[in-house]
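Please look over the sequence and the structure shown below, and then read the report that follows.

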Amino acid sequence: MPLDQDLEIKKFKVIGTRVRRPDGVDKVTGRARYGADTSAPGQLVALVLRSPHPHAIIKKIDISKAEKLAGVKAIITSADLPDLTNGDRAMLDILENCMARKKVLYDGHAVAAVAAIDATTARAALKLIKVDYQILPHVTDVDEALKPTSPVIHDHIFTDGIEPKPTKASNFNKQAEYGHGDLDAGFAEADVIIEKSYKTEQTHQGYIEPHSCLASVSPDGAAEMWVCTQGHFVYRNQCAALLGLDANKLRVTASEIGGGFGGKTHIWTEPLALALSRKANRPVKLTMSREEVFRCTGPTSSTSIDVKIGAKKDGTITAAFAELRYHGGAFPSNWAEFGAMTTWACYDIKNCKSLSKDAIVNRPKTAAYRAPSAPQSCFAVENTIDEVAKAIGMDPVELRIKNAAKEGTKSSYGPVYGPIGIGATLQAAKNHPHMKAPLAKDTGRGMACGFWFNFGGQTCVDLNVTPDGTITVAVGTMDVGGSRASLALAAAEELGVPYEAVRVIVADTSSLGHNDMTDGSRGTFSSSMAAVFAARNAITILRERAAKTWEIPVDDVEWVDGEAKAKGASRGNLAPLTLKDLAKGAGGTGGPIAGHSEIVADNAGVSFGTHICDAHVDKETGKTTITRYTVIQDAGKAMHPSYVEGQYQGGAAQGIGWALNEEYVYGTNGRLQNAAFLDYRIPVCSDLPMIDTQILEIPNPHHPYGVRGVGETPIVPPLAAVSIAVTNATGVRMHHIPMSPPRILKAIKSAKM
Amino acid sequence: MGAHVNTTINGDAVEFVCAPDESLLDVLRNRIGLTGAKEGCGTGDCGACSVILDGRLVCSCLVLGAEMNGKKLETIEGMADGAKLHPLQQHFIDGAALQCGICTPGFLMAAQALLRKNPDPTEEEIRYGLAGNLCRCTGYDKIVRAVQAAAKEMRG
Amino acid sequence: MRYETPSTAKEAVSLMAKEKGIAYILAGGTDLLVKMKAGMIEPDLVVDIKRVKGMNEIKKGAGGYSIGAAVPCVAILENAAFVKAWPGVADAANLIGSRQVQGRSTMTGNMCNASPAADSVPALVAAGAKVSIAGPKGNRKLAVEDVAAGVGRNNLKKGEIITSIDLPKKAAKSGDAYLRFTPRTEMDIAVVSVGVNLTLDGKGVITKARVALGAVSTTVLLVKEAAKAIIGTKLDDAAKANLAALCSAACKPIDDKRGTIEFRTDVAGVLARRAAETAYARAGGK
Ligand SMILES: Cc1cc2nc3c(=O)[nH]c(=O)nc-3n(C[C@H](O)[C@H](O)[C@H](O)COP(=O)(O)OP(=O)(O)OC[C@H]3O[C@@H](n4cnc5c(N)ncnc54)[C@H](O)[C@@H]3O)c2cc1C
Ligand code: FES
Ligand code: FES
């Protein structure tokens, strides 16, 4: 059986069915164990002391009083985390984010951590630590940070991507450029040119489970960690490197994970827990508070984007340019570059360019958030496209269809597309009943399309046949939302056994080879491919065992519907050997039967989606209500349609929250004002309508079943779709996300004047 | 000085000692070993810690353990009838109403409290009845549908 | 910290009066526990009033309703007769937090916590409610608008506790309404809010009115001039416009994470007009 990635079109037996997930019962009965749900004998409780200042020099940290408090077992500062990175600045940045070194760089930056016998003692100890700060001027706005007058946050950053490289340090860490063609010529051809500027505010992934870990380091250097993470192998590698542990001695077990969306792809407090455990010589549990989650982990970039599009009267886009300014929080990043790569990806534009500028500001280090950087650029681009359509009097869907990228289009970020779904999702949107439904008073309709690359990466799967003929599958890529069901489906499909005969677990870092994070929508794509290969490898062994039993050449044995069958008329007297038979007899035919797969899954298959949104706006208060929402997206192949729909719906809901009300509010003092769910307003149940979904299946040629990553694209179009709907409801173009009621009311009022 | 408490949890008599300022959520999770109620915020905003106290839905993070003397508490661990899942639990699994599942115990408690009061809720009543429970994964669509399906089954 | 559960108001008062350290009454705890968790307060004594006799009851006497200080919002909503008599007050109770929060939170706690955005306060002020206070020096009554002294401060003296909220007898042909603005439908704190209570004569002319604004000043504002502007009218468009303008003019808001001065000022007028329309209809006006 082929072990290459190429798609085989076949009729599926179980793939595509809506089976019950294996972890379902544990999760509805409260038995499933998440990050904070476990404890160890003798465990200590750890808490972190965090800076109230956005930018300051740490002159002195005095822990003497805290150390003397009864029940305090260990206190660490950066002095306990020496730089072992050997000049690897990116790794040092990670360490510095976990614990401030010479300076604090944002409100909430860790300066010390305490392990004590209980939370009350740890809290008292934090109060006894005295930190002497020398406050520095700070900057939290991306455009301000790029100005030459801005306070410089790192003296070692000299802009990359500019020739000649600057000799003066600044907050402008990187510039990059994508695109092709001749912009001037393109704009010269245009009948209309629309040029606009946009802003989006910073948002948080908002996973409901705060970060939590339980670390235990023994005096002999062996260590264990239980942690909620999207990638326990990466956590292991980074923690081991930063703390000078051998990777093989740090066994990391991933707990069930209560959401991540990119925010749990970075280590935050895990090295601190390990260092405390090492110092105290006891297990240490460190769980963040919700406030800490908001202040110190994972937000996405706030942005400022300029877009210029030129088009002919017939709708052909002749030229397109965007400048995108994003920030990485207090550390260098390439989020703007990601944004620039996605800017024109939906379209086939002869002359296009995007220029990215990455900045550093006094905010927490930004982390990936579901299709990181794409929603913001999509918002800016799609609104401008909508204006182009209005300016030339063309239907916005038709305009997009006319310019849509297709198979063979050279994308603006470089590659030439294979079979892609942008055109199909646009056609589906055009024909969707939602598009034609009548609109109520003060309600507007918007549509927008979006793109995401998707990633594959390093993946391991072990498949074992148990003596009773059932199957265990161990995977190293975290299941963040039902992928275990999909992997069981893949193994069952290949082996020809019922879904229920396969049980999938996520293995710890000592049981499998390295696995990348569950990010870039790679979870189901890459693990299912590895599961398919592992199953095929197991089938090869099963056939060998049958051949051995029958004493015939292995080539004469085929695997059909869960059984080994001897080929050829002369062998008709040989009764098929079932998986159960072969498993039972394994001891006599060569030992346990297993299949392994260690791969780099490439070509995760770009994915496109088109969203339609109806929004009602109360023009007297600026309050927006989403009254109807439809997501249309290409999934390649939906292995478990319910969880694909769930990804579409969840991504759309997050995007709607971002579009309307979610934002980090910083005071002039550089402190985050709304580090709680009451004031960081993610949508609640009564804020949303049902979210309709339509799954298109344009197979990915580089996956045996045609699967594409699906998890991220759904968050890309909503900012644009919702804002265009609001614009159509109010008659006023919205340039600033989120479109909170004060912003909408202000825009309506200024338009009247 | 610790508070000495006698209470009933999921029908069982339970006795514990806790610090007077300790939340019921911490008592459940750290002292009694019932980790089904989750802490998403600790401040009443997310509903992941929802339990039913003397018949009323509350956030266990906003109740003191010390208040529990003589009370009756229901938690997610007591929702199924032995091996038989409650219809809400079954429909949550069948309808894929959970992704990461961290919000699920809280939603199930809230939905249970809602259906006891109102066995035939409209979609709007379900949405408002569950507004104190945050879910970041699902967009709520499948949760609302699972509650509708369970309500229908329970009405018979 | 000590935790006490007195069974009489007298006991509660004496515990509070005697305590030398920091003492707090615990009603629903939905403000108190959040502040404790955040380390904003570290009480030495917490006196739980939920086991005090009578404090869990809603009583209807000749004078009107009396709501015990420990009655959670959900119990108010379950009292159909009360909801019918005071739909505006009930709407306010229904807006305080989630079902979970309403299972615990009390209107008394809402008022004592003295947030300018407290939902029950504008509704109760519009209704003309008073509170009964028990204290070491005896009992007294206070109008609801006089309970808060400023943001997070109230006018109760050492040892004093509120035992009940007393609403006046509901007048014939009267109606109340409460509206707040929040960006989300639920789980949000008022950016601006309005309580209105109107009484009409046989012809639908407003004879009495009370209008209260929340979240636009350090405490809830009773806007007498706005009430005056609609008395004697049938809430025609001109009256509504006057009401809206006077409410906007009365605002003394701030810019904060929840809203801007401009927004609060504008929306106060809009909500006042809408709340008045609802109250007018509830009073039987057409
Ligand atoms: C998630 C969440 C959402 C919320 N949403 C809202 C909302 O939408 N609108 C809103 O207005 N509020 C909201 N709140 C705040 C809070 O729920 C309300 O203020 C509630 O009414 C407080 O009542 P309580 O009984 O819980 O007060 P407690 O916390 O018990 O007490 C509050 C304060 O009042 C004092 N106190 C209580 N009773 C007495 C008494 N009888 N005599 C003297 N002092 C007393 C206490 O000592 C304490 O200082 C929310 C809170 C949370 C956690
Ligand atoms: S943990 Fe109790 S509501 Fe969030
Ligand atoms: S399923 Fe993840 S938060 Fe609800």
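Leaving aside its neighbours within four places in sequence, with which residues is A:Ser411 in contact? They are A:His180 and A:Tyr417, where contact means heavy atoms within 4.5 Å.

This is a predicted model, in which local features need pLDDT of at least 70 and side-chain atom pairs count only at pLDDT 80 or more, while totals for chains, interfaces and linings use all residues. Residues are numbered from 1 along each chain as its sequence is written, chains are lettered from A and ligands numbered from 1 in the order in which they are written, and side-chain values use heavy atoms, with hydrogens and water left out.

A:Ser411 is buried, with a relative accessible area of 1% (buried means under 20%, with a 1.4 Å probe and protein chains only). The side chain of A:Ser411 reaches the backbone oxygen of A:Pro415 at 2.7 Å.

Turning to the interface, 43 residues of chain B are in contact with 50 residues of chain A. The two chains bury about 3800 Å² between them, 58% of it on carbon and sulfur atoms; buried area is the accessible area (1.4 Å probe) that two parts lose on being put together, summed over both.

Across this interface the rule finds five salt bridges, each being a side-chain nitrogen of Lys or Arg within 4 Å of a carboxyl oxygen of Asp or Glu. One of these is listed here with the side-chain pair described above.

| Atoms that meet | Distance |
|---|---|
| B:Lys38 and A:Asp37 side chains, N to O (salt bridge) | 2.4 Å |
| A:Ser411 side chain and A:Pro415 backbone oxygen | 2.7 Å |

How values were computed
Buried < 20%, exposed > 50% of the residue type's maximum accessible area, 1.4 Å probe, protein only. Polar contact = N/O pair within 3.5 Å; in protein donor to acceptor, adjacent residues only side chain to side chain.
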